[in-house]
Amino acid sequence: MNKEYINNLKIENIPWDRMVTAYDKAENYSELLKILDEMKDLDKVKKAWNSISDFEHQSTMYTPAPFVLVFLVRIYEKAVNLPDNPVAVWLSDKLADEFKYYAEVCSDAEKMEHAELLENMSDILNDKYLLPKGFDLDPEYDDDEDFDDEEDIVDVDEFIASLFPEDLFYSLYYYSAIILKNYKK
């Protein structure tokens, strides 16, 4: 079932705006993936890569990781077949290097003690693992606003940590590794 799910996955089926990255939400990932897939302008592709690469940071995989890797593998496979396109050559080289690194990160995670795996990759998209609809990770507070009770203040780091229970956390690495094993080097 996971292989069929992965093969049929579409960018628009992923709730990017409800997924946490190292620095923000993945809400612009669909646009970034389209820029990478077009392989037209090297500066735009490099900027898109720098923005989208925050699904992993310092060996930590975030919620969008296995999903974005599905599309990055597809982009890579397209890029290696365009040897006359300098943007595609740069991108295929970049992705090949990054895939090796991500595979090492996933391999290291596999060696550690870990929780049970979510049965299906699609389980990662369960509402309980996603940000609430419309949730703002960086709310702007009025500096003059007085809080009567410290309970009114949401600890964003604590909230984000609550989104990564052990089964989800391990599954991000496991399914990322599965995707990386299937790309054509």
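What follows is a tour of a predicted model, one selection at a time.

**Stop 1: the whole chain**

Show the chain as a cartoon. Its secondary structure comes to 7 helices and 2 strands. The chain has 185 residues, and buried residues make up 43% of them.

**Stop 2: helix H4**

Select residues 65-79, which form helix H4. Is H4 enclosed or open to the outside? It is largely enclosed by the rest of the structure, because 12 of its 15 residues are buried. Colour the buried ones: Ala65, Pro66, Phe67, Val68, Leu69, Val70, Phe71, Leu72, Val73, Ile75, Tyr76 and Ala79. Next, show what surrounds them. The buried residues of H4 pack against H1, H2, H3, E2, H5 and H7.

**Stop 3: the nonpolar core**

Keep H4 on screen. Which residues of the largest nonpolar core touch the most other members? They are Trp16, Leu72 and Phe99, out of 53 residues in that core. H4 provides the largest share of this core, 11 residues. At least two residues each come from helix H2 (29-38), helix H3 (42-52), H4, H5 and H7.

Zoom in on Phe99. Leave out residues up to four places away in sequence, and Phe99 touches Leu69, Leu72, Val73, Tyr76, Leu180 and Tyr183. Leu180 is one of the buried residues of H7, the helix at the next stop.

**Stop 4: helix H7**

Select residues 166-181 for helix H7. H7 has 16 residues and reaches 23 Å from its first C-alpha to its last, close to the expected 22 Å. Its buried residues are Leu168, Tyr170, Ser171, Leu172, Tyr173, Tyr175, Ser176, Ala177, Ile179 and Leu180. What do they pack against? Their partners are H1, strand E2 (60-61), H4 and helix H5 (86-111).

**Stop 5: the largest pocket**

The largest pocket holds about 290 Å³ of space. It is lined by 14 residues, and those closest to its centre are Ile6, Asn7, Val73, Ile179 and Asn182. Helix H1 (2-8), H4 and H7 each give two or more residues to this lining. Colour the lining by class: 7 residues are nonpolar, 3 polar and 4 charged.

**Stop 6**

Select Ser92, which sits in helix H5. Buried or exposed? Ser92 counts as buried because its relative accessible area is 8%, under the 20% cut-off. Setting aside neighbours within four places in sequence, Ser92 is in contact with Tyr76, Ala79 and Val80.

Now select Val89, also found in helix H5. Val89 is partly exposed, with a relative accessibility of 32%. Beyond residues up to four places away in sequence, Val89 touches Leu82 and Pro83. Draw a line from Val89 to Tyr76: their C-alpha atoms are separated by 9.5 Å, and they lie 13 residues apart along the chain.

**Stop 7: the loops**

Go to the loop between H2 and H3, where you will find Met39. Met39 is not a glycine, yet its phi is positive, at about 50°. Met39 is buried, at 2% relative accessibility. Asp41 lies in the loop between H2 and H3 as well. Asp41 is partly exposed, with a relative accessible area of 34%. Its C-alpha atom is separated by 9.8 Å from that of Ala88, 47 residues apart along the chain.

Finish in the loop between strand E1 (56-57) and E2, and select Ser59. What is the phi of Ser59? It is near 70°, a positive value in a residue other than glycine. Ser59 is partly exposed, at 38% relative accessibility.

Methods
Residues numbered from 1 in each chain as written. Predicted model: local features only at pLDDT ≥ 70, side-chain atom pairs only at ≥ 80, totals over all residues. Heavy atoms only, no water. 1 Å grid on protein atoms, 1.4 Å probe; cavity = no way out; pocket = protein on both sides within 12 Å on 5 of 7 lines; lining within 4 Å. Points joined across faces, edges and corners; volume = space filled by probe spheres on them. Helix = DSSP H or I, 4+ residues; strand = E, 2+ residues; numbered from the N terminus. Nonpolar A, V, L, I, M, F, W, Y, C, P; charged D, E, K, R; others polar. Expected span 1.5 Å × (residues − 1). Buried < 20%, exposed > 50% of the residue type's maximum accessible area, 1.4 Å probe, protein only. Contact = heavy atoms within 4.5 Å. Core = buried A, V, L, I, M, F, W, Y, C linked by side-chain atoms within 4.5 Å.
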